[in-house]
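Opening the notebook on a new model today.

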Amino acid sequence: MSERSIARVLESVPTSDGAGVRLRRSLGGRPGSQADPFLMLDEFYSDDPRDYLAGFPDHPHRGFETVTIMLEGRMRHRDHMGNTGDLGPGDVQWMTAGRGVIHSEMPQQESGRMRGFQLWINLPSGEKMQPANYRDIPAERIPGAELASGGRVRVIAGRADIDGQSVAGAVNADGDASTNPRLLDAALDAGGSLSLAVDADDSVVVYAADGGIFVGDDEIPPHAAAVLGPGERLHLSAGRDGGRALLLAGRPIREPVVQYGPFVMNTREEIEQALEDYRSGRLAAPTA
């Protein structure tokens, strides 16, 4: 079984989004820095409330899914469908924007550390105009497994064989989604390791969140995403101080991607339609 290795490294770049929230963007930070079906990966991480208090007021999305993973701090979601979610440490929000959603994500603290990730996953053309959907996943409902070598893995999406134990994730446990996303949050002790089988055709990305993270013998720079080359297995390990990694795997869609801000479609005409629908109030309106 062939081992995956690092094909390219995407260093995260400082930027801001929403009403001025400071963050670091790896996937999607530059032209050509996506890994189909993964469009964007942001890490927000600050002890300074000036970096996050303005939050993300009401804004639209169409054509993809967002996954928000909170590590520290609290964030509240509200959307046009009447959903409200209070995300705390370890919680996950999975939102399918589909044909359109308008929502806000606002901090629920005035001091302390705010840390987490937001991942954008593309949808195939036939699913971009599906009804919007939203779910909160509390930390205690995310399955996990202790590593024999030291550490713990949370399986947010998909299914993973961890030390001989098959762990079904909180989302897409049966692998029936078009992009078949697998999303793991791995905290490795010093010298800890994780070996996983992956589908040969999947795109695989490892983000080094903390400490020293290695794929095979190669270390990923801190706060960078490593896009892996072909193979059916990957071996992840931590350095002498341990480390934390976000592991993404998904089935490529292989369709044109046209993105304009919060809209991701297949053609320019579809983007123009999304803009018109948003301006006219039809983007998030119920279908007839």
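Before the helix, a note on naming: helices here are DSSP runs of H or I with at least four residues, numbered from the N terminus. Also for the record, this is a predicted model.

**Entry 1: the helix**

I looked up H1, residues 268–280. H1 has 13 residues and reaches 18 Å from its first C-alpha to its last, close to the 18 Å expected at 1.5 Å a residue.

Which residues of H1 are buried? I get Ile271, Ala274, Leu275 and Asp277. Viewed down the axis of H1, the buried residues fall within an arc of 165°, so they line one face of the helix. An α-helix has 3.6 residues a turn, so residues three or four places apart point the same way. On the other side of H1, I find Glu269 and Arg279 exposed.

What do the buried residues of H1 pack against? They pack against strand E23 (258–260) and strand E24 (263–265).

**Entry 2: the seven-strand sheet**

Next I traced an open sheet of seven strands, in the order E2-E3-E4-E11-E6-E9-E12, with antiparallel pairing. E2 (13–17) and E12 (133–137) stand at the edges with a single partner strand each, so one side of each has no neighbour in the sheet. On average, neighbouring strands of this sheet are turned by 20° against each other, direction ignored.

E9 (residues 92–96) and E12 run antiparallel and are joined by five bridges. Thr96 has Asn133 in E12 as its bridge partner.

**Entry 3: the four-strand sheet**

There is also an open sheet of four strands, again antiparallel in its pairing, and I wrote down its order as E5-E10-E7-E8. Its edges are E5 (56–61) and E8 (84–87); each has a single partner strand, so one side of each is left without a neighbour in the sheet.

E5 pairs with E10 (residues 101–107) in the antiparallel sense, over four bridges. Within that pairing I picked out Pro60, which stands opposite Ile102 in E10.

**Entry 4: salt bridges**

How many salt bridges are there? My count comes to 15. I followed up a few.

Asp17, Arg25 and Asp42 are linked in a network of salt bridges. Arg25 meets Asp17 at 2.9 Å, N to O. On the other link, the closest N and O atoms of Arg25 and Asp42 are 2.7 Å apart. Arg25 lies in strand E3 (residues 21–25) and Asp42 in strand E4 (residues 38–46), so this pair ties together parts that are 17 residues apart in sequence.

Buried or exposed? Arg25 and Asp42 are both buried, with Arg25 at a relative accessible area of 13%. Asp17 is partly exposed, at 32%.

The last pair I looked up was Arg115 with Asp210, a salt bridge at 2.9 Å, N to O. Arg115 sits in strand E11 (residues 114–122) and Asp210 in strand E19 (residues 203–215), so the pair ties together parts that are 95 residues apart in sequence. Arg115 is buried, with a relative accessible area of 3%, whereas Asp210 is partly exposed at 28%.

Note on methods: Residues numbered from 1 in each chain as written. Predicted model: local features only at pLDDT ≥ 70, side-chain atom pairs only at ≥ 80, totals over all residues. Heavy atoms only, no water. Pairing = 2+ DSSP bridges. Helix = DSSP H or I, 4+ residues; strand = E, 2+ residues; numbered from the N terminus. Axes fitted to C-alpha atoms, helices over the stretch in contact; angles between N-to-C directions. Salt bridge = Lys/Arg side-chain N within 4 Å of Asp/Glu carboxyl O. Buried < 20%, exposed > 50% of the residue type's maximum accessible area, 1.4 Å probe, protein only. Expected span 1.5 Å × (residues − 1). Arc of directions from axis to C-beta. Contact = heavy atoms within 4.5 Å.
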